[in-house]
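The following questions and answers concern the aromatic rings and the arrangement of the chains in the structure shown here.

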2 protein chains.
Amino acid sequence: MSTALLTDRYELTMLDAAIGSGTHERECVFEVFARRLPEGRRYGIVAGTGRLLDAVEQFRFADAELSWLRDNAVVGPAALDWLADYRFSGSISGYREGETYFPGSPLLVVEGTFAEAVILETLILSVLNYDTAVASAAARMVSAAQGRPLAEMGSRRANERAAVAAARAAYIAGFGATSNLEAGRSFGIPTMGTAAHSFTLLHDSEEEAFRAQVAALGPATTLLVDTYDIERGVELAVTVAGTGLGAVRIDSGDLPVQVAAVRAQLDALGATGTRITVTNDLDEFTIAALRAAPVDSYGVGTSVVTGSGHPAAGLVYKLVAHRDSAGEWVSVAKKSAAKATVGGRKWPVRTLDTRGTAVAETIHVGDEPPVGAGRALLVPYIADGVIDDRYRGPEGTALAREHAAFAMDELPADALRLGRGEPAIPTVYA
Amino acid sequence: MSTALLTDRYELTMLDAAIGSGTHERECVFEVFARRLPEGRRYGIVAGTGRLLDAVEQFRFADAELSWLRDNAVVGPAALDWLADYRFSGSISGYREGETYFPGSPLLVVEGTFAEAVILETLILSVLNYDTAVASAAARMVSAAQGRPLAEMGSRRANERAAVAAARAAYIAGFGATSNLEAGRSFGIPTMGTAAHSFTLLHDSEEEAFRAQVAALGPATTLLVDTYDIERGVELAVTVAGTGLGAVRIDSGDLPVQVAAVRAQLDALGATGTRITVTNDLDEFTIAALRAAPVDSYGVGTSVVTGSGHPAAGLVYKLVAHRDSAGEWVSVAKKSAAKATVGGRKWPVRTLDTRGTAVAETIHVGDEPPVGAGRALLVPYIADGVIDDRYRGPEGTALAREHAAFAMDELPADALRLGRGEPAIPTVYA
């Protein structure tokens, strides 16, 4: 399925005009970065890069796309010919997926001709802005949960295709599973889920529903106990499944109080190994508020797939350098106040103290930094049009999840507090 | 492309268990509704239904899906056999796309066996929750703009596929165009866009960039004038394109002040017909704040594609009635506090006063209301498995846009104020 028209019209009209002025083949460097983190956030987590590699590969203009562009007079004949042959032949490097980032961090560096790089702008930003927003929110939930497992179950609160990306981004940030089956198939993420209230309501009694579920899924299943009355539901659940019942799920009520009562009841019934999972409109703050409660796992929906108040990461895609008419490299930047950018190719490193804790995001401008300047943050994703396959699919997703754990661990301890604050480390231009 | 795995795992485990207990073929009625509107909102706009009809048609389990479900032990052999033959054969009615809605409004009514209706839950909610969130935000921007045209240009701030849905939802709510080319191709929405700052930066001077754009797109194009200095940019734009210049775009700065200065400058230069379009982080409030400024059109990005603070509409999918083991219809409802639902099949009508203004959302429970009780709100979308094609594709999108204008017009005048308030009309159960 082509991704070519998942694009703003102006990318193609710029191509058209640049072909006209003979500037379309000037070598360029574009960078993706955030001017600032979402208000009060102390770090962000990069996500989407692995999906982006697939999307760039599928960015091809076949007859269906070309004829629509022609019929709608979006571009002229020269641009149509150029698009028919399009295949990105430049290079893309960027932060590892799962990496922490800060204001100004160049998450992606795209090098190629103006024409081949500019037309990827919308697609690159769509993928990275959404996935990064979800991963950044998910990471805060993971740290709030202090080691208790989290499952992403917000598919119903996101666009149907965005939901798959959200499941992947949450998994990269440290969630353990998702309810979304396509995310399981496409990216190898563990999937979970047993039953909704409708299943209980369908049956003539709660007992019949529990018996049906245990018959199909075994006593290690999770029974949803709050359709009618939680205390009766828990009692019935243990009666039906036995003390080997895997878990009970609570989806309503005053959770800290409710969870403690259910734990006591389960223990009194001898179901001491039965876990308690809660799923009632959780976010990083309500998860933190449940630290003292005997919760065994969390299911998180709306807040994670909508970035917990920040549904887009605010990443932009800016031209920072190009060759001019004389073939010389020039750094360029937009001058308008509040949206000013730093021109020039960037070489970011993470400056660490002697214990390996991050102390600064050091961005070298123009020239590569000396060896030993810090942990180099860019890895090559596409070299002269050839995609590095290790970073995509299930393998790339697993790699990104490992890296996120490493990168979070490198942050100063107070970076993980949930309260509003400044970026956890300063961005320094060198 | 199959939509079958865009689904939460528990929909399929419920199917599996219901086959086991022999309840999967019980006739059921599920309804989609919002318990409440997003905080402070006075009405919502239904969107996504036309897209949903396509997604339901594509909800088929082919070998690729079945073998993944088998290999991952998601369901047992009986459920796999059942899924292999799946095709929704029930009936779906619902609010017209573009319709206004309120707490409790049954936006979609799904009738079929438990098995065939329950497995659509996730897909239905994903499509409707996102599209409805966008349309509901977009409608507020349209009324804030008081007749001035709006263009949706937020693709880069939404997941790449969600962006297409967002463009469609904003258009239904009254936006006039989108930057998203796929939305143009799939749904017949007018597309727009000319150039970004990178195009100016690429050229050796702003003048060369403007000349290149005018050469390719003609003097009626829109020139972006704020890359360096707005006053010089405007002067140069008129010098290059002549007084027939179509429009200038301003993407930064203190807009009310800036726009007035640019209008005066354009008029002084003789470019009295040149329009001014603004695109700097707009939402319904900043649009309203520009009412006194000589703006000709608005381009809206992030805020519209993220629902302006409410990125999911909060719609739920609930079983409200089913046949029991004796074949009798029973109304069912979840009892837990705060999440209680009203059981029974609903027949909603809009109660109007003598001038045709809406005064109540009257929801008849159980039986159809008498003729003349108000404007009936449900239309049939799928009858015994057969989709009504008028409601999808470009035709359905255009119909939805027309209906949204009609439905907004029916609301009491103060429903359109932007400040926080109660739902514009009360929901009454009859």
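Q: How many aromatic pairs does a search of the whole structure find over all chains?
A: The model is a predicted one. Rings count as a pair if their centres lie within 6.5 Å. Over all chains, the number of aromatic pairs found is 14.

Q: Is the pair of Phe30(B) and Phe114(B) stacked, edge-to-face or tilted?
A: The ring centres of Phe30(B) and Phe114(B) are 6.1 Å apart, and the planes meet at 35°. Stacked pairs have planes under 30 degrees apart and edge-to-face pairs over 60. The angle of 35° therefore makes the pair tilted.

Q: How many residues apart in sequence are the parts that the pair of Phe30(B) and Phe114(B) ties together?
A: Phe30(B) belongs to strand β1 (residues 27-34) of chain B, whereas Phe114(B) belongs to helix α5 (residues 114-118) of chain B. The pair therefore ties together parts whose separation in sequence is 84 residues.

Q: Is Phe114(B) buried or exposed?
A: A residue counts as buried under 20% relative accessible area. Phe114(B) has a relative accessible area of 0%, so Phe114(B) is buried.

Q: Which residue of chain A has Arg401(A) over the face of its ring?
A: In chain B, the charged end of Arg401(B) sits 4.4 Å from the ring centre of Tyr171(B). In chain A, Arg401(A) lies 4.4 Å from the ring centre, over the face of Tyr171(A).

Note on methods
Residues numbered from 1 in each chain as written. Chains lettered and ligands numbered in written order. Predicted model: local features only at pLDDT ≥ 70, side-chain atom pairs only at ≥ 80, totals over all residues. Heavy atoms only, no water. Phe/Tyr/Trp six-rings, centres within 6.5 Å; stacked < 30°, edge-to-face > 60°. Helix = DSSP H or I, 4+ residues; strand = E, 2+ residues; numbered from the N terminus. Buried < 20%, exposed > 50% of the residue type's maximum accessible area, 1.4 Å probe, protein only. Lys NZ or Arg CZ within 6 Å of the ring centre and 35° of its normal.
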